[in-house]
Amino acid sequence: MKNIAFACAVAFAALSSPATAQPACAPGTYAAADADFVVLAPVPSVPAPGLRYLFRDGRRGATSEAAAPLACRDGMVEVQGARWNRIVFRETPARFDSVGTPLTGVLIEPPGADAKRPLVVMVHGSERTSPIGGVYGYAMAAQGISVFVYDKRGTGGSEGEYTQNFELLAADAAKALDTARGLAAGRYGRAGFFGGSQGGWVAPLAATRSKADFVAVGFGLVASPIEEDREQMVSEVRAAGLGKDAEALVTRLSQATATLLLSNFRDGYDALEAARREMAAQPWAAKIEGEYSGAMARMTNEELRRVGRARFDNLELIWDYDAVAALRTLDTPLLWVLAGEDREAPIETTRTALMGLKTAGKPVDVYLFPNTDHGMFEFTTGADGERSVTRITDGYLKLLGDWVKGYARGAYGRAERLTGG
């Protein structure tokens, strides 16, 4: 799954403007009397001293923008004339070993003592950036949840080699949950995982290897990486207004590239060449991407034999991973939140699989936010069909917080609950 952190960085860079004369804001989380909050954090795409801001309702941008809906002074944040005070979290750094590799994390706990407070481990997506100090962990903690964030192996302060091997990443996540439980001993109730994007493959698998009490997933897939590639290309041709013949052609392309991947680039070249010949007459073919098939189609067979594995299969990804099988073994309550117009992780296969699990009696809650893309981002669409991210959709962050705390009910922005009462 492509790096959602990159998409966020591009969007925030587009939103950023030169710093104004107002006092610089201090990183932190600030809360209103009614429990609304805003998280301020440094990100590379916002020039210092500007910070990224994220409100509970999903509004986001840079504090350096002239139109930013907040002002900073005297260690507080002012929003629409009201002063919001900083939340002082208890933060405990951690170092733990998983499969012989030292990993780094931080436990974030809200103020006060509460032996029933939920504890959630944030399972990363495919990004290589550190989540420690980022907005999402604090957005959960601001809702009264203890949160453990950690750097995946080969990133941030963690050692080892970066990988996308779900089995290894699930072992790391399970160890992170054990570590968080030890750090928060006596100060939490139920404990589990949240996984975003690629974390939707990893978090449920980790839950089968630990005594997790819940799993929440945002914009993840119940489909293999091969199925993701095919569905992305089908989504692309549909968005371009092309017909069933185009869908069939990109499906054949995906089948050919899947054969390459599953055979370690020994087989599939004849089928790929046949797909190339068919695509050569199509003016739209040069714009097809998928997750990897578009790039493979634009390389020659000679290039793929020589460098294909090094380029496309160097991260130990389990291409035909059976996500449904993992979920069938999981009896832990599961929340799955779908982005209705997700181009990175098209939802058709995932939605069908989740509803099948619900029908089979699994404790699954499924919500869908319409008109949102990967990351639960609302967007505008230009004349060229390109999308520009505007905000996280209203209700998403609150839904996650309420569900983890065990009492999700009522309306959450424009969310549709697909699994009934």
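The model contains 2 cavities of 30 Å³ or more. A cavity here is a set of points on a 1 Å grid over the protein atoms alone where a 1.4 Å probe fits but cannot get out, and its lining residues have an atom within 4 Å of a point. Grid points are joined across faces, edges and corners, and a volume is the space filled by probe spheres set on the points.

This is a predicted model, in which local features need pLDDT of at least 70 and side-chain atom pairs count only at pLDDT 80 or more, while totals for chains, interfaces and linings use all residues. Residues are numbered from 1 along each chain as its sequence is written, and side-chain values use heavy atoms, with hydrogens and water left out.

| Cavity | Volume | Lining residues |
|---|---|---|
| Largest | about 40 Å³ | Leu-327, Leu-330, Thr-332, Leu-334, Leu-357, Lys-362, Pro-363 and Val-364 |

Ala-26 lies in the loop between helix H1 (4-15) and strand S1 (28-31). Ala-26 is partly exposed because its relative accessibility is 35%, between the limits for buried (under 20%) and exposed (over 50%), with a 1.4 Å probe and protein chains only. Leaving aside residues up to four places away in sequence, Ala-26 touches Leu-40, Leu-51 and Arg-86, where contact means heavy atoms within 4.5 Å. Pro-42 stands 16 residues from Ala-26 in sequence and 9.3 Å from it in space, C-alpha to C-alpha.

Terms used: 1 Å grid on protein atoms, 1.4 Å probe; cavity = no way out; pocket = protein on both sides within 12 Å on 5 of 7 lines; lining within 4 Å. Helix = DSSP H or I, 4+ residues; strand = E, 2+ residues; numbered from the N terminus.
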